[in-house]
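Dear colleague,

I am passing on the structure we spoke about, and I would be glad if you could look through it alongside the notes below.

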Amino acid sequence: MRATPTSARARTVVSLLIACACAAALAACGTKQDTISPPAAKPFTVMLDWFPNADHAPLYAAISHGYFDQVGLDVRPIVPSETAEPLKLLAAGKVDMAISYEPQLLLARDQGLKLVSIAALVQRPLTSIIALPSAHVQKVADLAGKRVGTAGLAYQAAELRTALQSAGVSPSSVQEADVGFNLVGAMLSGKVAATLGGYWNYEALQLEQMHKHPIVIPVDHAGVPSYDELVLVVRSEEARLDGQDLRAFLQALTRGAQQVRSNPAAAAALIVKANPAAEMKLQTASIEKTLPATLPSNKSNPYGWQDPSAWAAFGSWMLAHGLIHSNPNTAGLPPFTNEFLPGQGI
Amino acid sequence: MTRRLLHALPAAALALALVGAWEGYVDLGLVNPIVLPAPHEIASVAWSNAGLLAANLELTAQEVGLGVLLALLFGFVLGVLIHLSPALRRAVYPLAVGSQAVPIALIGVLLVFWWGFGVLPKLFVIVLICFFPVVVTTVDGLSAVDPDQLKLLRTLGASRWQALRFGELPAAVPAALSGARIALAVGVIGAYIAETSTATSGPYAGLGHQINADINGLQTPRAYAAAAVLFLFAIACFYTLALAERVLAPWAHRPRGESR
């Protein structure tokens with residue numbers, strides 16, 4: 001039996017623990033206090049699709065050059081924990097805008113979320129089929145009988161099927177493996193012959209900078225209808241009521257995009273500042289490589305333009321592959337609008 | 001001092017052997033360095049990124065410290081309540097066990113919806129992961145008190161509160177402290193899970209967030225460097241608490257081999 005005279009000690013321990021925890025709780029409360037900012041600018045949170053990277057360059061350029069401040073918006077970017085989170089938190093009213101993907105937006109709308117795209121950050125698919133020379137894959141037809149890694153998204157599996165069919169390969173002859181976000185690792189370790197899901201302006205560039213000489217086939221070059229890889233999404237209600245803010249946002253963003261075009265290296269530096277895990281060399285290369293895809297193919301259309309016929313064709317493709325159940329071209333309001341772009345609408 | 005060094009020898013030898021085997025495995029070309037970098041590369045990347053790692057460690061350490069403290073308080077109080085009330089035990093225990101199976105990635109978005117992009121959702125995740133060992137060890141410790149001692153206390157006219165206060169609680173503290181040590185060790189991986197399953201604002205968001213960003217950016221050596229920092233941090237936490245325990249609750253520390 002243990003002696004009890006130590007109960008005074010026990011009391012000390014317990015009261016110490018309680019005191020610490022109370023201090024901790026208080027400290028936690030303290031961190032909740034926001035710093036007070038001048039009331040002039042309206043807080044406007046934008047949830048990114050992923051860690052800050054080259055695709056977000058116009059946003060960070062517009063923030064750092066004060067373009068958003070000038071139109072009365074205090075834009076604050078938020079980094080998500082996974083790619084489906086932005087649209088959920090947007091629909092839940094927690095953020096004012098989300099950066100997402102056209103296929104993801106169509107999926108979300110099919111689930112009943114009242115969201116609409118108001119601009120395209122990137123005008124065509126970045127998603128690509130990527131292979132290393134050691135896998136002896138030069139074109140899609142070479143994938144026959146091989147294993148292909150994807151990030152496990154249903155629409156990427158459908159893109160793979162379409163690409164294979166367009167190349168005259170039976171999809172059943174190709175084994176699809178869900179490798180999560182470890183696309184490059186799966187290729188380097190030789191576990192898959194190719195991957196679908198990596199971006200030609202990111203994973204492919206990383207591999208090039210590692211002197212791996214990847215073979216890169218963007219999905220829109222492999223038979224998948226073109227779509228806007230990155231879009232700016234808002235709640236339909238806001239699009240109806242807060243048109244002024246959205247118009248101001250896109251004006252400022254357009255100026256940010258002009259900055260990026262005139263000085264890609266400075267834009268890359270802003271990305272590295274926002275995401276210290278990013279690498280300057282890769283971000284600069286990625287921004288330069290992405291530039292052509294950020295502008296509409298028809299020069300008379302403004303920055304951010306969404307091509308109605310391309311949206312219609314891609315919506316039909318998703319419907320035909322059973323990814324969505326109602327036709328986005330006929331059911332309800334359209335999934336995108338160009339009316340807030342500079343020089344459009346009104 | 002020499003005895004201390006001798007004590008540390010097995011740990012150092014084992015660590016060296018493991019790192020050596022790892023180095024050899026990579027240097028012999030058995031694995032692509034982008035999949036598994038060599039220890040020397042990780043060390044040099046850690047050195048050149050010391051500032052980034054330190055800034056992120058500071059955040060993660062705060063989360064772990066606060067989160068584990070809250071978990072200890074919550075777990076200990078819940079353990080005592082469960083011990084005192086059989087009804088509460090029946091009501092709460094199954095839920096507490098089940099809470100350990102909740103996939104954090106699933107509820108991350110809900111936590112952010114409730115508490116925003118700051119530290120609160122992360123603290124909740126850490127508390128959720130860490131409180132359980134404290135509850136279990138506290139409950140076990142409280143019920144393991146010597147029945148003769150309780151009988152004696154009752155004979156002396158002690159109330160229920162006094163029995164708890166002078167009999168059960170002191171006896172339960174050593175077990176609760178074991179739970180605390182488990183909680184602290186688990187708290188580090190809890191912080192990783194918390195940081196990678198909740199949204200954040202700002203460039204520095206902890207080592208877990210950095211590991212995920214680095215995995216995505218193919219900066220595998222730096223991801224491993226951050227993981228190594230977490231690894232050492234967990235060890236440091238564990239032994240710091242063990243030391244604190246020896247100072248604060250010496251009766252909880254019994255030299256090995258000594259029986260009651």
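The notes that follow take up a sheet and a helix of chain A, and then chain B.

Please bear in mind that this is a predicted model, in which local features need pLDDT of at least 70 and side-chain atom pairs count only at pLDDT 80 or more, while totals for chains, interfaces and linings use all residues. Residues are numbered from 1 along each chain as its sequence is written, and chains are lettered from A and ligands numbered from 1 in the order in which they are written.

In chain A there is an open sheet of five strands in the order E7-E6-E8-E5-E9, with mixed pairing; helices (H or I, at least four residues) and strands (E, at least two) are DSSP runs, numbered from the N terminus, and two strands pair if DSSP finds at least two bridges between them. The edges of this sheet are strand E7 (175-178) and strand E9 (215-218) of chain A, each of which pairs on one side only. On average, neighbouring strands of the sheet are turned by 30° against each other, direction ignored, where axes are lines fitted to C-alpha atoms, for helices over the stretch in contact, and angles run from 0 to 180 degrees between N-to-C directions. Strand E6 (residues 147-150) and strand E8 (residues 194-199) of chain A pair in the parallel sense over three bridges, and Gly149(A) has Thr195(A) in E8(A) as its bridge partner.

Also in chain A, helix H10 (residues 243-262) has 20 residues and reaches 29 Å from its first C-alpha to its last, close to the 28 Å expected at 1.5 Å a residue (1.5 Å times one less than the number of residues). Its buried residues include Leu246(A), Phe249(A), Arg255(A) and Val260(A), buried meaning that 20 or more other C-beta atoms, placed from the backbone, lie within 10 Å of the residue's own.

Chain B, by comparison, has 10 helices and zero strands, and buried residues make up 43% of its 260 residues. Its C-alpha atoms fill a box of roughly 70 × 55 × 30 Å, taken along the principal axes.

Within chain B, helix H3 (residues 50-84) and helix H4 (residues 86-99) pack at an angle of about 135°, with their axes 6 Å apart. That angle makes H3(B) oblique to H4(B), because angles under 35 degrees count as roughly parallel, over 145 as roughly antiparallel, 65 to 115 as roughly perpendicular and the rest as oblique. Leu78(B), Leu81(B) and Ile82(B) in H3(B) meet Leu88(B), Arg89(B), Val92(B) and Tyr93(B) in H4(B), contact requiring C-beta atoms, placed from the backbone, within 7 Å.

Technical notes. A residue is buried if 20 or more other C-beta atoms lie within 10 Å of its own, exposed if 12 or fewer, and partly exposed in between; C-beta atoms are placed from the backbone. Two residues are in contact if their C-beta atoms, placed from the backbone, lie within 7 Å.
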